[in-house]
Structures are given as structure tokens and as C-alpha cells.
Amino acid sequence: MPGSQVNSGGEAGSDLFLELASSGPRRAAVAAALREAVRSGRLAPGTRLPPYRSLATDLGVARNTVADAYAELVAEGWLTARQGSGTRVAERVAAKPQRTTAKSPGRPALAVHDLRQGQPDATSFPRAAWAAAVRRAMAAAPHDAFAPGDPRGRPELRRALAGYLARARGVSAAPDQIVVCAGFAHALRLLYGGVLSGPLAVEPYGLPFHRGILADAGVRTIPLGLDADGARTDRLASHPDTSARRGARAVLLTPAHQFPTGGPLHSTRRAAAVDWARGRDGVVLEDDYDGEFRYDREPVGAVQGLDPGHVVYIGSVSKSLSPAIRLGWLVLPPHLVDAVLTAKGLREAWTGVTDQLALAEFIESGRYDRHVRRMRQRYRARRNLLVAALAERAPHISVTGIAAGLHAVLRLPPGTEASTVETAGRTGVALDGLALFRHPGSPLPHRDGLVVGYATPPEHRYRPALDALCRALPPAET
């Protein structure tokens with residue numbers, strides 16, 4: 001039967017979807033559909049129902065049919081009717097609780113303290129400044145901003161990114177080499193959705209989510225070695241899987257801060273990666289992970305600046321602003337731009353124009369820089385608290401990868417990683433073991449450890465989170 005979309009809590013005249021039985025009296029069908037909508041919780045207590053005439057027109061029934069159904073449910077106590085306020089769902093009717101069996105992925109059942117990596121402090125999102133940027137951007141937006149979207153992304157944002165990335169990250173790019181996307185995962189899908197093919201050399205540690213994307217695209221990943229200078233890109237030219245004619249012609253790196261072990265890629269290793277890509281007519285995929293957040297060292301420029309013709313630079317605002325703002329970018333060698341746009345499609349289907357224009361304004365006004373600097377100071381202070389807590393309460397646990405980023409790696413005694421993660425989970429601490437990020441084919445031996453994110457908890461919960469973490473750590477060996 002016809003109907004319209006439900007709008008719980010709406011006022012008179014609001015749309016209401018009801019699915020009527022195909023047979024039987026219409027009054028009984030309307031009453032039964034309304035009764036079920038209230039019982040299931042789809043119509044919340046206090047919701048004002050449409051007038052008889054409006055609902056009757058939508059349902060294709062007589063006005064009196066709806067009036068009689070309303071009267072029946074008022075008599076039963078499902079609805080209330082009062083002069084001047086219309087017919088509403090009775091306040092005393094409780095919604096039937098929905099059964100939920102699925103648990104949030106990666107989160108303990110009783111999670112109190114979230115110390116997982118990769119998430120900024122959501123309470124620090126610059127709401128007022130972002131709202132002001134949206135207002136200014138909307139006021140200045142040309143009319144064509146509200147037409148079907150250009151798959152390259154809004155020109156205002158591409159211009160702003162070109163200037164910002166050149167100034168802050170040493171990236172060399174014209175706006176027409178930038179393609180806006182919905183984040184790193186989207187960038188990876190675009191690149192391996194018809195642009196690049198064949199095996200891909202990767203670091204021995206990385207996000208399993210990204211490995212899953214590549215596996216779904218049929219990409220074989222080849223893990224490199226790793227030492228104090230970063231990924232062993234110096235061996236790309238001699239590795240049998242990256243030097244043979246049919247071997248890998250692309251390598252994926254996190255050179256600003258190796259994820260998750262920490263540390264920048266040494267300058268000689270950067271040069272080796274670029275030289276290898278030139279010699280293979282291949283590309284370096286540069287994930288600028290945590291590039292904005294460094295604490296005890298000078299900024300490390302992007303590898304892309306060494307050779308813009310052989311490096312694809314990928315960035316996003318998921319750490320600097322919020323993962324809820326689905327905005328990222330690829331800075332592409334000119335010969336790959338058209339192929340990426342073909343993979344993306346004729347129209348922008350992933351990122352909204354409002355966020356694109358707002359981010360452009362946020363960058364151009366200098367507010368993005370100020371926000372990043374403020375968060376850099378806050379995260380440095382949190383990093384320092386973590387290091388101090390470990391030095392005082394667990395001096396036998398070494399901490400590494402702390403010069404930049406939003407997480408640290410805690411080295412654990414051999415054989416204790418799994419039990420420590422389990423203990424932490426039972427006591428309400430959400431964190432990840434280092435093994436989760438290790439490539440299954442990594443040439444490196446496994447080392448027990450924890451990957452502890454210090455950015456996620458709100459300010460008032462951070463110290464209690466550190467206390468809970470320290471209680472979950474294994475004791476010193478005697």
C-alpha cells in the first residue's frame with residue numbers, strides 16, 4: 001500500500017511511512033500498522049501524528065478510516081488526543097528494546113579507556129572555527145559549486161592544498177596534479193582500481209586494513225626489511241621480487257614516521273627508493289602518516305619533493321582534524337592524473353562540496369596551521385605523560401617511536417604480548433598488540449609489543465587511562 005517516509009518526532013503534516021496489510025478492513029489495517037510502529041519504537045513517545053486528512057491522502061484511504069483508527073488506539077492507550085495539540089504517541093508507551101548481538105570491531109566489551117592508535121582526540125575538534133569556515137565558504141561559493149561535482153575536487157581546495165603542501169611538507173605540485181579523495185583507503189582503491197597493477201613492495205609493518213584492500217584487488221604485497229634507518233629500500237634493486245622484469249614496480253612507504261614502529265626514513269633510503277622507481281619506470285606511494293606531528297626533531301620533508309614524476313603523495317585530515325571529515329588527496333605525477341580520474345568516474349561521488357570548500361577556507365585563513373600547532377603541543381604533553389608514567393611505574397618496559405605521531409610502541413618481554421592485550425581488555429583498556437600490524441610474510445622475527453595511542457582519550461580521562469595501562473603491563477622479570 002502507498003505510504004510516506006516516517007519522520008519520528010515531527011509536527012503535524014510530517015511524513016509517516018505505514019505498510020498496510022493487502023487484505024482485510026482498511027481501518028483495522030491502519031490501526032495494526034500504527035500499533036506496530038509504536039511497539040517497535042519506530043514512533044517514539046511524544047511523536048505527533050499527521051492529521052487525519054493528510055495521512056488518509058497519503059495512504060489512499062477515506063478520512064474517516066484514519067479517524068476511526070486513531071480513536072481506537074487512543075482508547076487502547078497507544079495514542080493521546082488533546083484539543084490544540086493533535087494526536088500523539090502516548091508518553092507511557094515504552095519502545096521495545098532492540099536486540100544487539102554484534103560487538104564493535106576491535107573494542108573490548110567493557111572498554112573504558114581507548115588507547116588504540118590512529119585516532120585523534122575527538123573532543124578537540126575545532127567546532128567553532130570549522131563552523132565559521134563553513135559559513136564563510138558558503139557565502140563566497142560560486143553557483144557552479146552546487147552543480148555536479150568535478151572528480152578532481154573543488155579548485156578552491158586544490159589551490160589551497162598546493163600552497164599548503166609546498167610550504168609545510170615540501171611537496172611540489174600544481175593544483176591540476178591534485179585529485180581530492182575520501183582518505184588514504186579510497187586513494188589506495190583508486191590506484192589499484194585500474195591505474196597500477198602487479199606486485200607492490202611494502203614495509204614489514206602496516207595497517208591490516210590496507211593489506212586487505214590490496215588483497216581484495218588481487219595485489220601481492222612483498223614485505224621489505226626494516227632497521228634503525230627505516231625500510232630497506234636500499235635492497236629494492238637487488239631483491240628478486242622487486243628487480244626482476246615481472247617484479248614489483250611500486251613501493252608503499254610511510255617515510256615521515258614508519259607505521260607503527262616509528263622513525264623517519266633515512267635520507268639515503270629515500271634516495272634509494274626514488275632511484276629504484278626511476279630505473280623501473282615505477283612509482284613510490286608516499287603515505288604521509290603523522291607528517292604534521294613531530295616533537296623532538298626537525299620537520300622531515302616529503303619524498304615527493306625529490307622526484308614529483310615518480311612519487312604519488314597521499315595525505316588526509318583524518319589525524320590532523322577528524323576521520324569524520326572524509327577528505328584526502330593524491331598529488332600525482334602528470335602522467336597518472338587522467339588514469340586516476342577515469343578510475344574515479346565522471347562525477348564526484350565521495351566527498352561533499354561543503355567540506356571541500358570549508359577546508360579550503362580553513363587552510364587559506366591560517367586556522368588549519370593554528371589548529372595543528374595547538375594539537376602538536378597537546379599531543380606532545382600527552383606523550384611526555386606516557387613516558388613519565390612508564391619510567392615511574394614500569395621502568396622495565398622500553399618505549400620507542402615517540403619522536404612523532406600519535407602513538408608509541410611499548411616493548412614487552414618475550415611471550416607476553418597476547419596475555420597483556422587480554423588482561424588490558426578485561427580491565428577495560430582498548431589497545432593493540434604489535435603482532436596485529438606485522439605483515440604475515442615479514443622477514444623480521446616477531447617482537448612482542450603494544451601499540452599505544454595517546455591521542456584518543458578526552459583530556460579528563462587520559463591520566464586514568466595511563467593508570468589502567470600500567471596496571472595491565474607484565475611485571476619485571478626476577
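**Rings, pockets and a helix**

Q: F293 and Y379: buried or exposed?
A: Both F293 and Y379 are buried. Buried means under 20% relative accessible area, exposed is over 50%, and partly exposed lies in between (1.4 Å probe, protein chains only).

Q: What are the ground rules here?
A: The model is predicted: local features need pLDDT of at least 70, side-chain atom pairs count only at pLDDT 80 or more, and totals for chains, interfaces and linings use all residues. Numbering runs from 1 along each chain as its sequence is written, and side-chain values use heavy atoms, with hydrogens and water left out.

Q: How many of the residues in the chain count as buried?
A: 51% of the 478 residues.

Q: How many helices and strands?
A: 14 helices and 17 strands. They are DSSP runs numbered from the N terminus: helices are H or I with at least four residues, strands are E with at least two.

Q: What box do the C-alpha atoms fill?
A: Roughly 85 × 60 × 45 Å, along the principal axes.

Q: And contacts in the chain: what share joins residues at least 24 apart?
A: 73%, among contacts between residues at least 6 apart in sequence. A contact is heavy atoms within 4.5 Å.

Q: Back to rings. How many aromatic pairs?
A: The count comes to 7. In one of them, Y164 and Y368 have ring centres 5.2 Å apart and planes at 80 degrees, so the pair is edge-to-face. The rule: rings of Phe, Tyr and Trp (its six-membered ring) pair if their centres lie within 6.5 Å; planes under 30 degrees apart are stacked, over 60 edge-to-face, the rest tilted.

Q: Where do Y164 and Y368 sit?
A: Y164 is in helix α5 and Y368 in helix α12, 204 residues apart, so to speak a link between distant parts of the chain. Y164 is buried because its relative accessible area is 7%. Y368 is buried too, at 2%.

Q: What's the geometry of the F293 and Y379 rings?
A: Their centres are 5.4 Å apart and their planes at 75 degrees, so this pair is edge-to-face. This pair also links distant parts of the chain: F293 is in the loop between β10 (283-287) and β11, Y379 in α12, 86 residues apart.

Q: Which residues do ring pairs link into a cluster?
A: F125, W130, Y164, F362 and Y368.

Q: Which residues in α11 are buried?
A: Q356, L357, A358, L359, A360, E361, F362 and I363. Their cover includes α4 (127-140), α5 (155-169), β4 (178-181), β12 (328-331) and α12 (367-393). Just after α11, G366 takes a positive phi of about 90 degrees.

Q: How does the lining of the largest pocket divide?
A: 17 nonpolar, 10 polar and 9 charged. Nonpolar is Ala, Val, Leu, Ile, Met, Phe, Trp, Tyr, Cys and Pro; charged is Asp, Glu, Lys and Arg; the others, Gly among them, are polar.

Q: What about the second largest pocket?
A: About 300 Å³. Of its 16 lining residues, L226, D227, T261, R411 and R447 lie nearest its centre.

Q: How many cavities of 30 Å³ or more?
A: 3. The largest cavity has about 190 Å³. Y205, G206, L207, H210 and L252 are the closest to its centre, of 17 lining residues. α7 gives the most to that lining, with 3 residues.

Conventions. On a 1 Å grid over the protein atoms alone, a cavity is a set of points where a 1.4 Å probe fits but cannot get out, and a pocket is an open set with protein on both sides within 12 Å along at least five of seven lines; lining residues have an atom within 4 Å of a point. Grid points are joined across faces, edges and corners, and a volume is the space filled by probe spheres set on the points.
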